[in-house]
Amino acid sequence: MNREDIVFHARALLDRPDADAFARLMRSAPPADVADALRDSPPKQVAALLAPVPAKAQARLFVELPDVQQDAVLAEMPPAAVVPLVSALPSDERADLYNRLSPDGQRRLLPSLAQAERDDMLHLARYPEGTAGAAVTSQYATVPAGTTVANALRAVRATAPDKETIYVVYVLDGTGHLRGTVSLRDLVLAADNASVDQLMRPDPVTVHADDPDEKAAECIRRYDLLAVPVLNEDNRMIGIVTVDDAMDIDHEQDATQLARYGGTSALGGPDLDLRASPLRRIFGVRVFWLGILTVFGLVTSTFVAAQEDMLQEVIVLAAFIAPIVDMGGNTGSQAATLVLRSMALGQLRPGWRDIWFVTRRELGVAAGLGAVIAILEVALAYFAKGGLDAGVLATVGLSMLVCTVLGGVIGGLLPFVARRIGTDPATLSAPLITSVMDLIGVFVYFGFAYLFLGNLLA
């Protein structure tokens, strides 16, 4: 069944609920596609559609819904149906849901859960959003150190239905410290009487619960892991971050960086969400950034207005202000984007070695770009506006060259400056880079104008 068919059937069932038909759809279609079909649907209709579905199937679909929709659907479900659904959720999703509930909702939910689920949820829910601890699932396979392969396989087989992944088995000592990892494949192929200590890989890659969740995602990506173990402050293992969790983290980071790079980042608060954020908050964040950019624009326009004498004597200079200052902003945005991408991939660090590398590389590239663009601009100006004075052409060409070079170098270095002062590099948004280069561009342009054409003012 293709996605178009899934969307058609799911939306038809919203209007005419049919428990058997929806159960068949759930068995034949990926939960993510069904969730996409139900996205933006009235929560009451979604809750009614989920009601007759077994709790485990409900959970598989529920986790694919956006957080805001999850909360709305949960509010429409009868209390008797909420507890089985929450119990069937993966442990990390359950902790996230608990943290989003109101204090009254948390108090009502806790007594309904089994003791083990309640303790596990409260343990994971104490880690702040954005940390590896908040992304942890406690549904992973473990075996005690020193056990035999036969006993390890029996333990994995007995607990597998409740685990999120069993392809990597974690070997723990008696105090919960991680000794090593062993793959399910190695266990299956090994002799029954062999010890897991002989098969395991000691000192695996780990992260701590207080580390940013991006660090867990980066470890999974860098070392091609299916999951990375997470340790608490006592270096005891509390769970794992799986590869699908890492993909979600990367997706959220991409969306966050895009918002910040576009000048819509909230300072000191959650990121903007076009659907969930209140209009007042969206307005406030956007007007903040636009206000900053307006200040830059005012300074730039005031400086240009002060050059009235020069512009009156050489009116044609006004025609080249926009393309010259725009080129600096465009080049800076290109350079910043490349550096941010390399930082996100772990290719660049905020050390002097990488700063010098980017400076040398961008200086050479930007100089080449500036030379080509400057020659092109002078040629177009000469043929399009015949009879231009040599001083005007020199002013235009050199300004284009210098603005392009400065734009590339400044754009490449700004993300490092942000890292050095402890700010997210993505907050140096494209509009901000453009505004900075507009200001620098007019200083450069009129500096050359006074150098080559200042005699006209005498």
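This is a predicted model: local features need pLDDT of at least 70, side-chain atom pairs count only at pLDDT 80 or more; totals for chains, interfaces and linings use all residues.
Residues are numbered from 1 along each chain as its sequence is written, and side-chain values use heavy atoms, leaving out hydrogens and water.

Strands here are DSSP runs of E with at least two residues, and helices are runs of H or I with at least four, numbered from the N terminus. Two strands pair if DSSP finds at least two bridges between them.

| Partner of β6 | Direction | Bridges |
|---|---|---|
| β5 (residues 207-208) | parallel | 2 |
| β7 (residues 237-242) | antiparallel | 5 |

On the β7 side, Val228 has Val241 as its bridge partner. β6 and β7 form a hairpin with 5 residues between them, and Asn235 in the turn has a positive phi of about 65°.

Is β6 (residues 227-231) mostly covered or mostly open? It is mostly covered, with 5 of its 5 residues buried (under 20% relative accessible area with a 1.4 Å probe, protein chains only). Ala227, Pro229 and Leu231 are buried on one side of β6, and Val228 and Val230 on the other.

**The second largest pocket**

A pocket is an open set of points on a 1 Å grid over the protein atoms alone, where a 1.4 Å probe fits, with protein on both sides within 12 Å along at least five of seven lines; lining residues have an atom within 4 Å of a point. The second largest pocket is lined by 13 residues, with Leu74, Val82, Leu101, Gly105 and Arg108 nearest its centre. Helices α6 (67-76), α7 (79-88) and α9 (103-109) each supply at least two residues of this lining.

Notes
Buried means under 20% relative accessible area, exposed over 50%, partly exposed in between (1.4 Å probe, protein chains only).
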